[in-house]
Every structure is written in C-alpha cells, then in structure tokens.
Amino acid sequence: EQKIGQLFVPGFTGRELSAENRAVIESIQPGGFLLLQRNIESFDQTYSLTSRLREMSMIPPLLAIDHEGGRVDRLKHIFTNMPSMPELADCGMAHLRAGARIIAAELEATGFNINFAPVADLRLPGSFVGERCLAAEPAEVSRLASAFVEELSKRGIFTCTKHFPGLGGAIADPHFSLPRIERTKRQLQQES
C-alpha cells in the first residue's frame, strides 16, 4: 500500500492543510505534492506549507511547482516577477543561466525540490504555448533546456521538462478545448 501511495503526486485547494487533507496524506503517503497559485500567499506561508508536507511524509516527498517565469510564475507574489525563459534566452545564454539560477534559489528558499519546467517544445508560429517555448529549432531547444536543467540541478532542484512532442504546433489551449496538431508524423519525428 505504501508503494502504491508513492505513485501519487496530488494537489489540493487552500493555503493550509485541512483536516481532510492531513487524513488523506497520512493514509496514502503520496510520493509528493504539486502546489499551484491557489496554494501560494507569502514566503512564510509557502515555506511553512512545504515544511509541513515534508514532516508528514515517511519518505522525502517531491515538492513540485510550475515555475517558468513569465506567464507561469507561481511565486510572483513572493519574489519579483521573473521574465519568461524565452525572453531570457533571446538575450543570450548568460541571461538564461542567470534566470535559471534565480528560479533555483527561489525554489530552494521556499522548500520546493522539483520544478515542472522548462517547456521543451518548439516555438512555432501561432502556437498557444509559443511564448513559453525556448526556440524554434530542436537543437537550440535542447541546448537551452539543458542549460536551464543544469543550473537548477546545481542547487539540488529536479526538473521535469514538459509539453512535448508536438504541443508547440497547437493553436487551441488544451485547458479549454481539444487541440488538433496539424503536423505529420514525419514532421514531428524530424522536430524531436
């Protein structure tokens, strides 16, 4: 039962753990937790929440968040707004690495150990996710994403690249409707 519980990484509403949340955590002992904007209020509150989640877990939990900068900056209420990774990448590798180091320091300070970032898809024209993609060419995406991952790793922060393959070709936001990617299998294979 404990190993099955570790397969789960749930989220929850609120900025504190309810009695129901605590009971579920104690019962299933999930492998980690995903916090979203709805869980973040202040530095002290966030650090207290991640600490409490860590204390309640029998094994060190994954404490995850989406923190890319730009539109997906879950810690913007605590720290200064972070430019998006593509904005930093467009300024050069040194800027991207500096931004990644700042993100890593913010995550470490607030108690997180995994970041669901970066977006490792292609920045294609008209894409709903284009403003979050590092570059238009696969080799460049790989180079920039690797640098981002390397900088976070230096601070002990795990990363989970996301939104690939092919979502960069979607025009519709999958949060609201089912997107159709108008690219052939061959195109997707060449772009991977």
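Buried means under 20% relative accessible area, exposed means over 50%, and partly exposed lies in between (1.4 Å probe, protein chains only). This is a predicted model: local features need pLDDT of at least 70, side-chain atom pairs count only at pLDDT 80 or more, and totals for chains, interfaces and linings use all residues. Residues are numbered from 1 along each chain as its sequence is written, and side-chain values use heavy atoms, without hydrogens and water.

Glu 41 is partly exposed, at 46% relative accessible area. Its salt-bridge partner is Arg 15, with the closest N and O atoms 4.0 Å apart. A salt bridge here is a side-chain nitrogen of Lys or Arg within 4 Å of a carboxyl oxygen of Asp or Glu. Arg 15 is partly exposed as well, at 38%.

Asp 66 and Lys 162 form another salt bridge, at 2.9 Å between the closest N and O atoms. They sit 96 residues apart. Asp 66 is buried, at 12%, and Lys 162 is buried, at 11%.

Glu 151 lies in helix α6 and Arg 101 in helix α5, so the pair ties together parts 50 residues apart in sequence. Helices are DSSP runs of H or I, at least four residues, and strands are runs of E, at least two, numbered from the N terminus. Glu 151 is buried, at 3%, whereas Arg 101 is partly exposed, at 41%.

Now follow α5 itself. Its buried residues include Leu 96, Ile 103 and Leu 107.
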